[in-house]
Each structure stands twice: as structure tokens, then as C-alpha cells.
Amino acid sequence: YPVYGEHVKDLLNHVNFSAQDTALEIGPGEGEFLSVLCQRFSHVIALDNSIDMLNKAKALADNQALNNIDFVLGDTQTAIDKNILADCIIINMVLHHVPSPEELFQDAATLLNQNGSLLVTDLCRHDQQWATESCGDLWLGFEPTEFSEWANAAGLKEGQNQFFALRNGFQIQLRHFVKGNS
């Protein structure tokens, strides 16, 4: 997984999870981060709305003998309809590809167990228009305040934040939000 995956892994190590906890990765892509999650959580759910990406993630999991993953085809509403709950939700470089990132925060809050963590990694706001045509990006990154506002509106509290620059000029934000008692 890309270099920022190490930052996500570090953050996972600093959040107090039980060995019996469940992780949900929304949009696992080809599954590069699933092995990290399988080592940390007893149950992992990979949720993707692309059968092609889900099949690639399954192939990687089979190749690495990762046997504690459920693969679910669909979106967050599918997960809500299936009554899926998780102690940790990871949304890694997905939000700039979805029509309504704010809605994804709302859905993630619904899918989180009480005191669960939402880890979001995505681009900071940028002006590189080529990304919309070359990469299919719907959004040119996000202001950190947008994530904070969306999380707050979803009833999530802000945890640790990390920001770092990549060599290609993009900045990445790694955000941690917690579903706590009101």
C-alpha cells in the first residue's frame, strides 16, 4: 500500500482496540490494506460497490491466506441494510471518488459501534484539475474543516489528526473520529 498506509497503521496501533473487534474497510480497492487489518482485528469486512475491485481484493486475500474477511458487494447503505456494525471503519483515499462525501460520514457513524473509530485518509484541497480526467476524481481534495464539520454533524468527535506532503505535491490528511457518548 502507498506510503501513507504506514501512517494509518501507526494510528491503528495508538487506538485501543480489543482483539475481538471488527474492522470495516469502505472501498478497499485491490485490498492492499486488508492484511494489516486482518492482523489487528478478529473480523474484517471489505465493502466495495465494484465487483471488479472486490474480486481483486478477494484474490489478494486468497493469495495471502487471509481468512477472517467477509467481502460485501454494495455501498454503505447495503451495509446498513445488513445491520453491519464495526468497531473501526477505514475510508482510505475513497472520499474524493464519491458523489456525497458528507453522506459517507453519516453512514459511517451509523455503522460504528459506540466508542468506535472512523479513520479517514484523503487528499487536502488542491487545484490539479487533471486528476478529474486522469483519475476519475469527483473532488479536488477537501479542507480539513469540511471533515470536522461532517463528522460533528454525524455525531462523531475529533481524535488525532496528521497531515503530510507527498513528493508529487499533494497533501494528505489522516483523520481520526470517535463515536462517543453524547
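A residue is called buried when its relative accessible area is under 20%, exposed when over 50%, and partly exposed in between (1.4 Å probe, protein chains only). The views below come from a predicted model, in which local features need pLDDT of at least 70 and side-chain atom pairs count only at pLDDT 80 or more, while totals for chains, interfaces and linings use all residues. Residues are numbered from 1 along each chain as its sequence is written, and side-chain values use heavy atoms, with hydrogens and water left out.

**View 1. An aromatic cluster is formed by Phe105, Phe147, Trp150 and Phe177.**
Rings of Phe, Tyr and Trp (its six-membered ring) pair if their centres lie within 6.5 Å; planes under 30 degrees apart are stacked, over 60 edge-to-face and the rest tilted. By this rule there are four aromatic pairs. One of them joins Phe105 and Phe147 in a tilted arrangement, 5.5 Å centre to centre with 45 degrees between the planes. Phe105 belongs to helix H5 (residues 101-111) and Phe147 to helix H7 (residues 144-153), so this pair ties together parts 42 residues apart in sequence. Helices (H or I, at least four residues) and strands (E, at least two) are DSSP runs, numbered from the N terminus. Phe105 is buried, with a relative accessible area of 0%; Phe147 is likewise buried, with a value of 0%. Phe105 and Phe177 form an edge-to-face pair, 5.7 Å centre to centre with 75 degrees between the planes. Because Phe105 lies in helix H5 and Phe177 in strand E7 (residues 171-178), the pair links parts 72 residues apart in sequence.

**View 2. Asp48 is buried without a salt bridge.**
Asp48 is located in strand E2 (residues 43-48). A salt bridge requires a side-chain nitrogen of Lys or Arg within 4 Å of a carboxyl oxygen of Asp or Glu; the nearest side chain of opposite charge to Asp48, that of Lys56, is 11 Å away. A polar atom of the Asp48 side chain lies 2.9 Å from the backbone nitrogen of Ser50, and the backbone nitrogen of Gly29 lies 3.5 Å from a polar atom of that side chain.

**View 3. Ala65 has a positive phi of about 55 degrees although it is not a glycine.**
Most residues other than glycine have a negative phi. Ala65 occurs in the loop between helix H3 (51-63) and strand E3 (69-73), and is exposed, with a relative accessible area of 62%.

**View 4. Asn115 also has a positive phi, near 70 degrees.**
Asn115 is placed in strand E5 (residues 112-123). Asn115 is exposed, with a relative accessible area of 53%.

How values were computed
Lys, Arg positive; Asp, Glu negative; His and termini not counted. Polar contact = N/O pair within 3.5 Å; in protein donor to acceptor, adjacent residues only side chain to side chain.
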